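Here is a brisk tour of one protein model.

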Amino acid sequence: MWAELLPVGRSAASGGYRRFAWNSADAECRAWFEQQARDRGLAYELDRNGNQWAWLGDRTAPGAVVTGSHLDSVPDGGAFDGPLGVVSSFAALDELRARGAEFTKPLAIVNFGDEEGARFGVACIGSRLTSGVLSREQAYELRDADGVRLPDAMERAGYDPTGIGADDDRLARIGAFVELHVEQGRCLAEGQPVGVAGAIWPHGRWRFDFHGEANHAGTTRIEDRRDPMLTYANTVLAARKKAKLAGALATFGKVAVEPNGTNAIASLVRGWLDSRAADERTLTELVAEIERAAAERGGRDGVRVELTRESYTPVVDFDGPLRDRLAKLLDAPVLPTGAGHDAGILASAVPTAMLFVRNPTGVSHSPAEHAERADCLAGVAALADVLEDLACQ
């Protein structure tokens, strides 16, 4: 399974992946998932929000145990973030069948769509729509860099977007959701190959619009310029300094410039801030300080600054009894994480938990992301133990 997925959406230039929502690579990944389901005799289902499900047992019955993750990527992302969870879910089911496990509850494997938010700017769109965190109206307003609306992208890919939105009936039938994921850090580097997630830091994405005045780079005097690039650059530096002082994280990882000419002073710079902190108060204060720094510098540069919050996820404490049950079952450490996941979005609606597989480099969202084969197999065995404990009692 792993070998089949590796070439899909991979850039020959960077070695990273470009599996964005509703593009051709995404379609290949979706076809792969459907085939894996059918090869195992599972009932394949596509829900109203474009998420894929593979069911063992009665999918209308209550108390289903669900596992899975996502198959899309960030720009030039790694091979493990998302796909490891989906591949391991199918492999864990194979292991349980090899053990002769008898299921007493329905089991489902899921591929949530557009988890990374690389195309439309909002993370976890599939699970956000399902849980009602993202409304149908909000989703219809999302556009990619080329101006293509989310529903139009779905329609072009052969899916009907008219029914997207909260799926309360589906969530009510889920008794537990467990997501396996490669660790995005090095807490497990010197210890056990598998850990259990304790909580997810609150995090969000904010768009800063720096409005200046376009002009000629070779003829406009320095004192006559209203250059938004200066304000943007100062804001990036301020964000780093203030995040460090707060013990938090702030990253400008995406920027768009208009008119984007080498010999032209920009009229508009858009910068997207990703910020995370251990608690919501710290995060709120940090973003406010970054906004103040941007406005203060903008006043000196003759640049107007606008801030728009595009997405936000409050602190997520995974289900305590389920977390403790898994940690005891696996004799595994409980780890914090600063990264968002579909499991975090669903946590407000169903009991959720996460397993992390050791990543010796600690690198993620990069082609250097890695997990050793032996650790991946340990993750499969751990997930199989968890599913057997939850669905075969």
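## A buried serine

Ser11 is buried, at a relative accessible area of 11%. Buried means under 20% relative accessible area, exposed means over 50%, and partly exposed lies in between (1.4 Å probe, protein chains only). Ser11 belongs to the loop between α1 (2-5) and α2 (24-39). Helices (H or I, at least four residues) and strands (E, at least two) are DSSP runs, numbered from the N terminus.

The side chain of Ser11 reaches the backbone nitrogen of Ala13 at 3.2 Å. Such a polar contact is a pair of N or O atoms within 3.5 Å; within protein, one must be able to donate a hydrogen and the other to accept it, and residues adjacent in sequence count only if both atoms are side-chain atoms. Leaving aside residues up to four places away in sequence, Ser11 touches Gly16, Arg18 and Asp76. Contact here means heavy atoms within 4.5 Å.

## Basis of the model

This is a predicted model: local features need pLDDT of at least 70, side-chain atom pairs count only at pLDDT 80 or more, and totals for chains, interfaces and linings use all residues. Residues are numbered from 1 along each chain as its sequence is written, and side-chain values use heavy atoms, with hydrogens and water left out.

## Aromatic pairs

The structure holds 12 aromatic pairs. In one of them, the ring centres of Trp32 and Phe90 are 6.0 Å apart and the planes stand at 85 degrees, so the pair is edge-to-face. Rings of Phe, Tyr and Trp (its six-membered ring) pair if their centres lie within 6.5 Å; planes under 30 degrees apart count as stacked, over 60 as edge-to-face and the rest as tilted. Trp32 lies in helix α2 and Phe90 in helix α3 (residues 83-99), so this pair ties together parts 58 residues apart in sequence. Trp32 is buried at 8% relative accessibility. Phe90 is buried too, with a relative accessible area of 0%.

Trp53 and Trp55 form a stacked pair, because their planes are at 15 degrees, with ring centres 5.8 Å apart. Trp53 is buried at 1% relative accessibility, and Trp55 is buried at 3%. Ring pairs link Trp53, Trp55, Phe112 and Phe177 into a cluster.

## Charges over rings

Which residue puts its charged end over the ring of Trp53? Arg170 does, 4.8 Å from the ring centre. Lys254 lies over the face of Trp272, at 4.5 Å from the ring centre. A charge sits over a ring if NZ of Lys or CZ of Arg is within 6 Å of the ring centre and within 35 degrees of the ring normal.

## Helix α10

Helix α10 spans residues 320-330. Its buried residues include Leu322, Leu326 and Leu330. Their cover includes β5, β6, β14 (334-337), β15 and α12 (373-391).

At the start of α10, a side-chain oxygen of Asp319 comes within 2.9 Å of the backbone nitrogen of Leu322. Asp331 follows the helix, with a positive phi near 50 degrees.

## Strand β15

Strand β15 (residues 352-357) is mostly covered, with six of its six residues buried. Thr352, Met354 and Phe356 are buried on one side. Ala353, Leu355 and Val357 are buried on the other.

Two strands pair if DSSP finds at least two bridges between them. β15 pairs with β5 (residues 174-182) in the parallel sense, over six bridges. There, Glu179 has Met354 as its bridge partner. With β6 (residues 194-200), β15 pairs in the antiparallel sense over three bridges. Val194 stands opposite Val357.
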